[in-house]
Amino acid sequence: MIDSLQQAFIEETRELLGELEITLLAVEDAPTDSELIAKLFRALHTIKGSSAMFGFDDIALFTHDIETAYDLIRNGKLGVTKQIIDLTLLARDEISNMLVKTGNHTQINEANTKKIIESFREIVSSFNKTEKKQLHAVVEPQSSSIDKSSDVFHHFHIRFIPGKDLFLTGTNPLMLIEELREMGSLVLSAHLDKTPDFTSLNPEECYCYWNAFLKTTKNLDDLQDVFIFVADNSELTFENISNEIPKDFEIDFAKLQNLVSQNDNDDFRAVLKQYFSVQKQEKQLEINTTQKQTQATNSHSESDSVSSIRVSSEKLDELVNLVGELVTIQATLSQVALSNNNNDMISISEEVERITWSLRDSALNIRMLPIGSTFSKFKRLVRDLSNELGKEVELSTDGAATELDKTVIEKLNDPLIHIIRNSIDHGVESPEERIKAGKPSIGKVHLSASQSGGNVLIKIIDDGAGLNKEAIREKAIKSGIIAENAELSDSELYTLIFAPGFSTAKKVTSVSGRGVGMDVVRRAIEGLRGSVQVSSELGKGTVITLKLPLTLAIIDGLLVKIGSDHYVLPLSSIEECIELTQDDVKKAHGRHVVNVRGGIIPYINLRERFRITENRPKIEQIVIASINNHHVGFVVDQVFGQHQTVLKSLGKYYEKVEGISGATILGDGTVALILDINKLTENEELEETKLASNSFK
Amino acid sequence: MSNSMVNETKQYLTFKLSDEIFGVDVAQVREILDYVKITKVPQTPDFMCGVINLRGSVVTVVDMNLKFGMKRTERTVNTCIVVVEVKIGDETAVLGALVDSVQEVFEIEPQNIEPAPRIGTKLNTEFIKGMGKRDENFIIILDIDKVFSTEELELVTESSNYKPEQ
Amino acid sequence: MPKTIMTVDDSASVRQMVAYTLKEAGYGVVEACDGVDALSKIDSESFSLIITDLNMPKMDGITLIKELRVKPKIKFTPILMLTTESQNEKKMEGKTAGATGWIVKPFKPEQLVAVVKKVIG
C-alpha cells in the first residue's frame, strides 16, 4: 500500500511542481499579486509537508528554507525579485530530481541544493534578527476554515459528563477543557457531586463532570470535534444559547466565573440566566428584535470549479479498445442485417450504428486534452534558451484550448521542443543584428493551435532571419540529397531541411545544429500520421506548420483491394483516383509514371512491391496522394471508397516491416492492412536512387 | 540439449505436420480454430502466413510446415489453427499455428520422454523439449516459447530489385 | 523535559514521517517496528503517548493496545491508533480495547500534530 501511496505522492508532487513553475513565471510579471504568492507558498508548504510523510526527507529538508522565505514574502516582509524567482525555479528542478529514487537514494545534486539553500538562507537572514524559530506545524482543525475571522460570536452551554472508565482509555479530560478554553472565552464549573464516599471510591474511575459556557467564533462542528474521541462513552450536550444573551451585552467573564464557582450544584443554566437578567436590569438595553442570522459560511477551497476525476491511461485505453471492438462488430451487424433483407433488423442495426458512433466519439473525446499545458511548458524553455543563447525572445501562444489526443500531445512534446530550439538558435537573430535590420531587439516566437476539418494545425512562427533558399540548395547538393540541376519549388526546397544529415548551421551549438534534429522531428510527426510544411521569407521569418489527425485510434481511410486482400490508405493524404489502363503503361515505356492533365506523376505498383501475382485485372486504379509536397500514385486493383475504422497494431512480430502501419477489421470479419504511404514512397525513392547509381557502374 | 527438459507429467495436444506428430503443452493452448482467411503481410517470410481476426484481436498465424522446412501446408478440411500463448520476456503473446490436423490430447510421464536427438530431425534442437513415447510412436514435444520467439519471427524479407513490367 | 512519544508502525516511511513531524514539533520520539518491538521498548523510558498502526505483522494494533493496557505503567497513558477510512469498525474495537483516539491515514503532518496536541498538549 505504501508503494502506491508513494507513487500517488510522486505524481501529485510532479503536478504541484508543474503548477509551481507556471505560477513562478506568472509572478515574474506580477510580483505583487498576493493570490499568486499565496499559491506559491501553499505549493511549497504542501510539498514540504507531505514529502516527509513518504520518506522524501531530503525534499522536506530542502524545501524548509524556501518555504520560510515565501512565508516572509506572503506577509509582505520580503519582495519578489528576479533572483528569488531564478532560485525557486532551480529549486523546483532539484525537487523534481529528488523525486526519482534509485534504491534507497534520491538523486540529489549536493552542490546545487547546497547553493540554493544558502542563497535562500541569506535572503531570509536579513529579516530574521532573532534566533532561528522552531517551525511549528500549523494546527488546523479539520472542519471550518480558520483564516476567516468571523465577527459572529456564538454562545454555547456545554455539558460534559464523561463515562466512568474515561481514564482507562488514557484520556485526560482536562486536555479537553483546555481545548475549549483555546476556542474563546470560557466559564467553567466542575462538579464533584457524583463522587462516591471515600471507601467506595475507585481512583481509576472518573466521577467529575463539567458545565461550561463558551463564547466563541467557532461553530458546533468545531465544538463536537473537541470531544470526538470520548463522544461515544460520555454524555454530551451542546446548546446554542446566543439568543438568551441580551444584544450588545458585554459579558464580564471574571465576574461570571466567580458566580458560577460559588454554585456547585448542577443548575448551571439557572446561574447563567440570573447573571444575564441582573445585568439587563442594571443597564437599560434596547433589545433589537431584528437579529441577523448570519451563517458562518465555509468558503469554497481553492479547488477548480470544474470537477474532474483522475483516470489511469490503461483504463482509458481499455475503454477505447472495447469501443473499437463494438464499432467493428456493429459493422458486421449492419452487413448481416442488409443481406438478410429484414427491415426490422435493418432499422435496429441503423440505430445501433448511430449509438455506436456516438459512443466512439465520446470515448475518443475522453482522451482529448487541451494543448495549453504543453504550450505553457514552453514558456520556461524559451526563457532558459534565451538566457543561454544570448537572444531576447518572447513566446506568445494562441489556441491553447485546442484539444488533441493525449498520446499525440505526449509525442508532440519533443518535436516541438526541437523546432522551438531551432527557431531561437538559428531563426531569431541576436539583439544587435535585429536592431541593425530595423527589427525590435526582442524576437517573437508564436505557437498557435487550431482545428481544421479532421485535423489539428499547429504553427510555430518566428520573426527571425528566415530560411536562405540558396544556402539550402547548396547544402543539399553537397550532401547528395538532390541533383545539381534538380528543379524544386520553394516549399520543396524548404522541406529539405528535414532530410537526414542536413544542417546549414554554421556553428554547432550545444542546442542544435548537429543535423540530427529536424529529420527526427519529421519522422515523429509522420509517426503520428501527420505532416510538416515550411514556409519562409528571407529576413522576415519562418512558419512551420504541423498537421495532425485528431485521433490515433480511428483512421479515416480509403478502402482498396489488391489480389484477394483489402488494404486501407490514409484518406487525409489522398487527392484523387483515376484509371490506369494497359495503354497508359505502354506509353510510359517502362517507367512508372503517368500523365495526369499534363503533369507527370510517378507511381508505385503495389502488386509488384507486395509480390502479389494472382488475378491481375486489365484495368487498374491509381490512387494519387500528396506526400511531402509532391504527388505520388499507388496502383491497386479496385477502390471501394471511404472507410472509417479502428486502427489495430499488428504486434511485435511485424515491428520491422516497413510500409504497413497497422491493421483493421472490416465488417465482414477479415483483416485489412493499413498502408504507410510515406514510408512506401521513401523506400521506393531509395530503391530508385540505388538502381540509378548502379546503372552508372 | 542432452537432457530432456520435462520433469512433470503433463498433458499434450498433438497435431500432425506432414507425417510427423508434434505435441504442445496443453496449458499453452488457448483454442483451436478451423481454417479462416488469413491476410498476408507483405515483406514477411513465407512461414508467416499473416494475420487473422480473433474476436476483434489481430492475431499472427505461422505456417508450421514451412517454419520447419517442410512443404507449405495444404488447405484441407482438417487444416486447423491452434491458438497458443507464448512467453516473450515478461509478456505473453498470442499466436496461431497452422497445422495439417489436430490429434488427441495425451498425458505423458517424464520417464517416457527422451531427450531430443542431435541429428535425425530437420529441426533446430532448441525447439524440442523432448521426444515423447506413446505406444510405438514418437511425439516431438515442442518448446513453443522458442519456436515463436521474436528473433525467429520478426524477420523481414529484403525487397530485392524488381523488374518493371514491359 | 520534552514529552516522549512512541510510534509503532511496520512501515518505515510512515514511522519516519511521524518521527520527523513530532520531533519538529518539539516532542521526543522512539520508533518501534511492530507490537513485539514496542513491548520490548516500552519500559525503557516514560512515554507520554503511544501512536500505533493497526495493521502490523507479528502482533496487530488492537492486540498491542490490550497488552499495553495491562501494564500498570501504561494503564492511563494515551494511545492513538492509525486507521484507514475503510476500517471504521476498528475504531470502536480499538476504543473497547482501551485506545484513546485515532488518526485517519493518510494524514498531513499538521493533522498529526493537532491530534497529539489535543491529547497530551
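**Figure 1. Asn605(A), a buried residue in a strand of chain A**. In this predicted model, Asn605(A) has a relative accessible area of 4% and is buried (buried means under 20% relative accessible area, exposed over 50%, partly exposed in between, with a 1.4 Å probe and protein chains only). Asn605(A) belongs to strand S18 (residues 599-605) of chain A; helices (H or I, at least four residues) and strands (E, at least two) are DSSP runs, numbered from the N terminus. A polar atom of the Asn605(A) side chain lies 3.0 Å from the backbone nitrogen of Arg607(A).

**Figure 2. The salt bridge between Glu684(A) and Arg609(A)**. The closest N and O atoms of this pair are 3.1 Å apart (a salt bridge is a side-chain nitrogen of Lys or Arg within 4 Å of a carboxyl oxygen of Asp or Glu). The pair joins distant parts of the chain, with Glu684(A) in helix H20 (residues 677-694) of chain A and Arg609(A) in helix H19 (residues 606-609) of chain A, 75 residues apart. Glu684(A) is buried at 5% relative accessibility, and Arg609(A) is buried at 5%.

Figure 3. Asp384(A) is partly exposed at 32% relative accessibility, whereas Arg380(A) is buried at 9%. Both residues belong to a network of salt bridges that also includes Glu21(A), Arg92(A) and Asp93(A).

**Figure 4. A salt bridge between chains A and C**. Asp232(A) pairs with Lys95(C), the closest N and O atoms being 3.7 Å apart. Asp232(A) is in the loop between helix H7 (220-226) and strand S6 (234-240) of chain A, and Lys95(C) is in helix H4 (residues 88-97) of chain C. Asp232(A) is partly exposed, with a relative accessible area of 45%, whereas Lys95(C) is buried, with 6%. Over all chains, the count comes to 34 salt bridges.

**Figure 5. Cys206(A), a cysteine in no disulfide**. The structure holds zero disulfides over all chains (a disulfide is a pair of cysteine sulfur atoms within 2.5 Å). The cysteine sulfur nearest to Cys206(A), that of Cys208(A), is 6.1 Å away. Cys206(A) is buried, with a relative accessible area of 4%.

**Notes.** Residues are numbered from 1 along each chain as its sequence is written, and chains are lettered from A and ligands numbered from 1 in the order in which they are written.

Notes:
This is a predicted model: local features need pLDDT of at least 70, side-chain atom pairs count only at pLDDT 80 or more; totals for chains, interfaces and linings use all residues. Side-chain values use heavy atoms; hydrogens and water are left out. A polar contact is a pair of N or O atoms within 3.5 Å; within protein, one must be able to donate a hydrogen and the other to accept it, and residues adjacent in sequence count only if both atoms are side-chain atoms.
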